[in-house]
Amino acid sequence: MNETTTLSGPPIYGHTQVVGVIGWPIEHSVSPPMHNAAFQALGLDWCYVPFAVRPEELKEAIAGITALGLRGINATVPHKQALLPLMDELTTAARTIGAVNTVLVQGKRLIGHNTDAQGFLRALRETGFDPEGCKAIVLGAGGAARAIVYALASVGSQVTILNRTPERAKQLAAEFSQVNPKASLQGGPLTPGALAQARGAQLIVNTTPVGMWPNTQESPWPREVSFPQGVLLFDLIYNPRETRLMRQARGAGARAVDGLRMLVHQGAEAFELWTGQSPPVEVMYQACLAVLGGNGKNGKNGGNGGR
Ligand code: ATR
């Protein structure tokens, strides 16, 4: 250490409360700077630590949460699904989505939450879009789509899931049809014909990794189909910050939002669950931007939520 070195980050004492994130790998996660910036902004004696946990050691790591006195944990790839049977209790969202991204410690009990769906809805509302009962198209039917479809179903939307493998889309629609009787869900193929019929939609959500760095010239939306005007496009990808699909949307006069706001809001939900404090969302957003830069080189899912 030389004289010009400055130390940054939250001061850690014997009484500091510890939370963190488990993943494998974990070094690209933006969650530690995002949460630590939030703790500092509110003057909370908390810190957030990254833990590289091998899949075969997940059980031991989870047992360590209460043994070490951690207050909570976020989980990212590849642990979100594997956490389900290791929890003492699951929220309806976590059970239905089939993934835990936030663990809340209550005494010695581990409560498995999923804040991706609420994070998505908060990010949508922040743009001024009211998702209640909206007509939406979801591109993709994989793991990331589950939180989105759950969120949209829970607010009574009419959701059409379009996927390269249409059976997966139909299966997801059938599986989530019980979430809310006011919602209507259907699945179909991700084809130019199906997209061309999507004119009446108010919201289009891309949950596929198509267009994500390094394949930034790709788009799930075929060139020959014009993008509908007046729709809100939500691309879960945040690297690059503007995907080819977002450019197609903006070129057609539609609004486009990237996945960083969802990443921040799922983190904000976790922050609130752990601390009981109102999260400083803008501080968290700026901390992510500082790490990612304008077009950071992190791949998909640097933290939780978003891609
Ligand atoms: P994740 O958990 O990150 O969502 P996933 O479960 O593998 O990942 O799902 C990826 C989704 O993107 C799937 O819907 C996948 O379509 P298939 O079900 O047909 O595999 C979709 N996807 C991936 N690559 C794609 C591509 N090149 N074109 C269209 N859809 C693609």
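**Helix α1 against helix α9**

Is the crossing of α1 and α9 right-handed or left-handed? In this predicted model, α1 and α9 cross in the right-handed sense. Helix α1 covers residues 31-42, and its axis comes within 11 Å of that of α9, the two crossing at roughly 50 degrees. That angle makes α1 oblique to α9.

On the α1 side, the contact is made by Met34, His35, Ala38, Phe39 and Leu42, while α9 contributes Leu263, Val264, Gln266, Gly267, Phe271, Trp274 and Thr275. Sorted by class, the residues of this contact comprise eight nonpolar and four polar ones, with no charged residues.

**Helix α9 against helix α10**

Helix α9, which spans residues 260-275, also packs with helix α10, residues 281-292, at an angle of about 130 degrees and with the axes 10 Å apart. This makes α9 oblique to α10, and the crossing in which α9 passes α10 is right-handed.

From α9, the residues that meet α10 are Leu260, Arg261, Leu263, Val264, His265, Gly267, Ala268 and Phe271, and their partners in α10 are Val281, Glu282, Met284, Tyr285, Cys288, Leu289 and Leu292. The residues of this contact divide into eleven nonpolar, two polar and two charged.

**The six-stranded sheet**

The model also contains an open sheet of six strands with parallel pairing, in which the strand order reads β9-β8-β7-β10-β11-β12. Its edges are formed by β9 (184-189) and β12 (255-257), each of which pairs on one side only. On average, and with direction ignored, neighbouring strands of the sheet are turned by 20 degrees against each other.

Within the sheet, strand β7 (residues 135-139) runs parallel to strand β8 (residues 158-163), and five bridges join the two. In this pairing, Leu139 stands opposite Leu162 of β8.

**Helices packed on the sheet**

Helix α5, made up of residues 143-154, packs on the sheet and touches β7, β8, β9 and β10 (203-206), with a direction that makes about 170 degrees with that of β7. Helix α8, residues 244-251, likewise packs on the sheet, where it touches β10, β11 (232-235) and β12, and its direction makes about 170 degrees with that of β11.

Methods: Residues are numbered from 1 along each chain as its sequence is written. This is a predicted model: local features need pLDDT of at least 70, side-chain atom pairs count only at pLDDT 80 or more; totals for chains, interfaces and linings use all residues. Side-chain values use heavy atoms; hydrogens and water are left out. Axes are lines fitted to C-alpha atoms, for helices over the stretch in contact, and angles run from 0 to 180 degrees between N-to-C directions. Helices (H or I, at least four residues) and strands (E, at least two) are DSSP runs, numbered from the N terminus. Angles under 35 degrees count as roughly parallel, over 145 as roughly antiparallel, 65 to 115 as roughly perpendicular and the rest as oblique. A crossing is left-handed if the near helix is turned anticlockwise from the far one by less than a right angle, and right-handed if clockwise. Contact means heavy atoms within 4.5 Å. Ala, Val, Leu, Ile, Met, Phe, Trp, Tyr, Cys and Pro count as nonpolar, Asp, Glu, Lys and Arg as charged, and the others, Gly among them, as polar. Two strands pair if DSSP finds at least two bridges between them.
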